[in-house]
Amino acid sequence: MHTRPAVAVRAPSATPAPPSPIPPQPSPEPSPARAAFKDSAGAGLAFVPLGLAFGALVTQSGLDWWWAGLSAVLAFGGSFEFLLIGLVTACTPLASIAVSAFMVNVRHVFYALSFPLHRVTGRLGKTYSTFALCDEAYALTTGEEARTWPGRRILCLQLYLHLYWAGSAVAGALLGSLIPKSVTGLDFALTALFTVLALDAVRDLRGDPPTPVLALLSALVARVLCPDEMLPVAFGLFTAAVLARHFAARRKAHHA
């Protein structure tokens, strides 16, 4: 009797499961230095024509070219540096120069009320951040998008703006002879820059319309009452109005 050999029955192979999709990797966050360079590009490029004009004015006033770089590095006062050229060429006493510097830059006292210096770490970093505080740095670091910026990003932003100004001032002094005196409009670059920064600040305050209104009313009142001292009076009125609104809001929230 013959028996048939058993036939091994192979189990059907399982269909291999499709590979699980690889989740997309989040794009790496840019370093604070790189992000600060991107943030400073707009304001820094606006520094270039103004710095060129300042450097050219230095050499055309009879000063050596290195005066432009020295002033840009040590003073970093923008509008005051233009005034400083006339003061130096007129051999003005140091006490008068100091008083003029204080009067032109007294607005920085009000900037300190809201500038995020507390995010900058280290004594050296805080010292440089205080020294390099300018209008453009204040406008860029106090906006809505900048509330999460770390201190290193703020510090790098100020450093880039400082380098933009110093580099363009030196370039203007070295190339001053090539810029014809008939060229006009370079000094308007600073006004245009302030206009753009003011528009960006107003956009960030969409939910707070009284702030631009308070600023406008302060300027109008200062113009009428003290036209010769409009800027400090307007700053003082605006600061007083903002502080009064702040304390009123706190009192209202406390009683609610």
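What percentage of the 256 residues of the protein chain count as buried? In this predicted model, the share that counts as buried is 29%. The protein chain exposes about 17100 Å², and 68% of that area is supplied by carbon and sulfur atoms. Its secondary structure consists of eleven helices and zero strands, which gives the pattern α-α-α-α-α-α-α-α-α-α-α along the sequence. Among contacts between residues at least 6 apart in sequence, 74% join residues at least 24 apart.

The largest nonpolar core contains 32 residues. Within this core, Phe 54, Val 58, Ala 68, Leu 161 and Trp 165 touch the most other members. At least two residues of the core are supplied by each of helix 1, helix 2, helix 7 (135-141) and helix 8. Helix 8 gives the most, with ten residues. A second, separate core has five residues, among them Phe 80, Leu 84, Leu 87 and Ala 101. In soluble globular proteins, nonpolar side chains tend to be buried together.

Helix 2 spans residues 66-74, and its buried residues are Ala 68, Gly 69, Ser 71 and Ala 72. These four lie on the same side of helix 2, because they cover an arc of only 165° around the axis. The packing partners of the buried residues of helix 2 are helix 1 (32-60), helix 3 (79-89) and helix 8 (151-174). For Ala 68, with neighbours within four places in sequence left aside, the contacts are Phe 54, Gly 55, Val 58, Ala 169 and Ala 173. Two of these contacts, Phe 54 and Val 58, are also named with Ala 68 among the core residues that touch the most other members. After helix 2 comes Phe 76, which has a positive phi, near 50°.

A nonpolar surface patch of about 910 Å² is made by Trp 65, Trp 66, Trp 67, Leu 70, Val 73, Leu 74, Leu 174, Leu 175 and Leu 178. Helix 2 provides the largest share of this patch, five residues. One of the patch residues, Trp 66, is placed in helix 2. Trp 66 counts as partly exposed because its relative accessibility is 41%.

Charged pairs were examined next. Two salt bridges are found in a search of the whole structure. In one of them, Arg 153 pairs with Asp 39, and the closest N and O atoms are 2.8 Å apart. Since Arg 153 lies in helix 8 and Asp 39 in helix 1, the pair ties together parts that are 114 residues apart in sequence. Arg 153 has a relative accessibility of 19% and therefore counts as buried, the cut-off for this class being under 20%. Apart from residues up to four places away in sequence, Arg 153 touches Pro 32, Ala 35, Ala 36 and Asp 39.

The other salt bridge joins the side chains of Arg 147 and Glu 144, with an N to O distance of 3.5 Å. Arg 147 counts as exposed because its relative accessibility is 56%, whereas Glu 144 is partly exposed, with a relative accessible area of 42%. Side chains of opposite charge can pair when their charged atoms come close.

Notes
Residues numbered from 1 in each chain as written. Predicted model: local features only at pLDDT ≥ 70, side-chain atom pairs only at ≥ 80, totals over all residues. Heavy atoms only, no water. Buried < 20%, exposed > 50% of the residue type's maximum accessible area, 1.4 Å probe, protein only. Arc of directions from axis to C-beta. Contact = heavy atoms within 4.5 Å. Core = buried A, V, L, I, M, F, W, Y, C linked by side-chain atoms within 4.5 Å. Patch = residues over 30% accessible without salt bridge, like charges linked within 9 Å, V, L, I, M, F, W, Y side chains within 5 Å. Areas by Shrake-Rupley, 256 points an atom, 1.4 Å probe, with all protein chains shown as cover. Salt bridge = Lys/Arg side-chain N within 4 Å of Asp/Glu carboxyl O.
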